[in-house]
Amino acid sequence: MKLILLGAPGAGKGTQAETLSRELGIPTISTGNMLREAIQNQTPIGLEAKRFMDNGQLVPDDVIIGIVEERVARDDCRNGYILDGVPRTIAQAEALERFGVAIDNVVSIEIEDAVIEARMSGRRVCPRCGATYHIMANPPKTDGVCDSCGSELIIRKDDRPETVHDRLAVFHMLTEPLKDFYAKQGKLRIVQGDQPIHAVYREILTALGKSV
Ligand code: AMP
């Protein structure tokens, strides 16, 4: 199964990808997490990506295409994977096709901008393992501490309200056209993101034709 999770920043892609990955036994490839790791390790890619990410802009396509091509070629991807946050432009989607990646399903998690802006203010992430939480909808067992690895949770710099606004504008302009791109291929499934996490998850499974 090669699955793309599409949706605005804050739509819940990362949260759903974590559960789907466990249930389906395939890895999640999150370009956002890979880039944040590169920033932490101060690699050349990280240094280049940081200035775009801090401003809510997309990292250039050639950087993303390079890291994804390398990642999908690894061994753990042979039974499939979940793409979380990539592709984000038509050029990235076309690059996947060039690598011979045959996507089976594209699930678009839909949610209104106003709901997202309210939601993002409660988001917390683990800087070490990338797990995501929400102080109301999906709190960690211990306040401010990652359930998976025990690290202290942080607020991402690009979750600041003014940056979220810019990221949503970028989403509508550059990423939303992917819905049409995949609808024309008959691969697009729509789920409603403004519901409790488990309800969104059930909708995704139904959309994928899996028993709930
Ligand atoms: P995310 O964690 O998916 O919300 O990504 C955080 C930030 O990383 C985005 O706002 C972009 O600056 C950058 N980024 C992540 N994935 C991509 C991508 N596929 N294309 C371009 N930029 C990306």
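Predicted model: local features only at pLDDT ≥ 70, side-chain atom pairs only at ≥ 80, totals over all residues.
Residues are numbered from 1 along each chain as its sequence is written, and side-chain values use heavy atoms, with hydrogens and water left out.

Q: Which helix gives the most residues to the shell around the ligand?
A: The shell holds 16 residues, with Thr31, Arg36, Gln57, Gln92 and Arg167 coming nearest; a residue is near if one of its heavy atoms lies within 4 Å of the molecule. Helices here are DSSP runs of H or I with at least four residues, and strands are runs of E with at least two, numbered from the N terminus. With 4 residues, the greatest contributor is helix α2 (residues 31-40).

Q: How many residues of the shell around the ligand are nonpolar?
A: Ala, Val, Leu, Ile, Met, Phe, Trp, Tyr, Cys and Pro count as nonpolar, Asp, Glu, Lys and Arg as charged, and the others, Gly among them, as polar. On this division the shell has 5 charged residues, 5 polar residues and, as nonpolar residues, 6.

Q: How much of the accessible area of the ligand does the protein cover?
A: A polar side-chain atom of Arg156 lies 3.3 Å from a ligand oxygen atom, and one of Arg167 lies 2.9 Å from a ligand oxygen atom. A backbone N or O atom of Gln57 lies 2.6 Å from an oxygen atom of the ligand. Of the 480 Å² of accessible area that the ligand has on its own (Shrake-Rupley method, 1.4 Å probe), the protein covers 96%.

Q: Why are α1 and α9 described as oblique to each other?
A: Helix α1 (residues 13-24) packs with helix α9 (residues 197-207), their axes being 10 Å apart. Angles under 35 degrees count as roughly parallel, over 145 as roughly antiparallel, 65 to 115 as roughly perpendicular and the rest as oblique. The pair is therefore oblique, at an angle of about 55°.

Technical notes
Polar contact = N/O pair within 3.5 Å; in protein donor to acceptor, adjacent residues only side chain to side chain. Axes fitted to C-alpha atoms, helices over the stretch in contact; angles between N-to-C directions.
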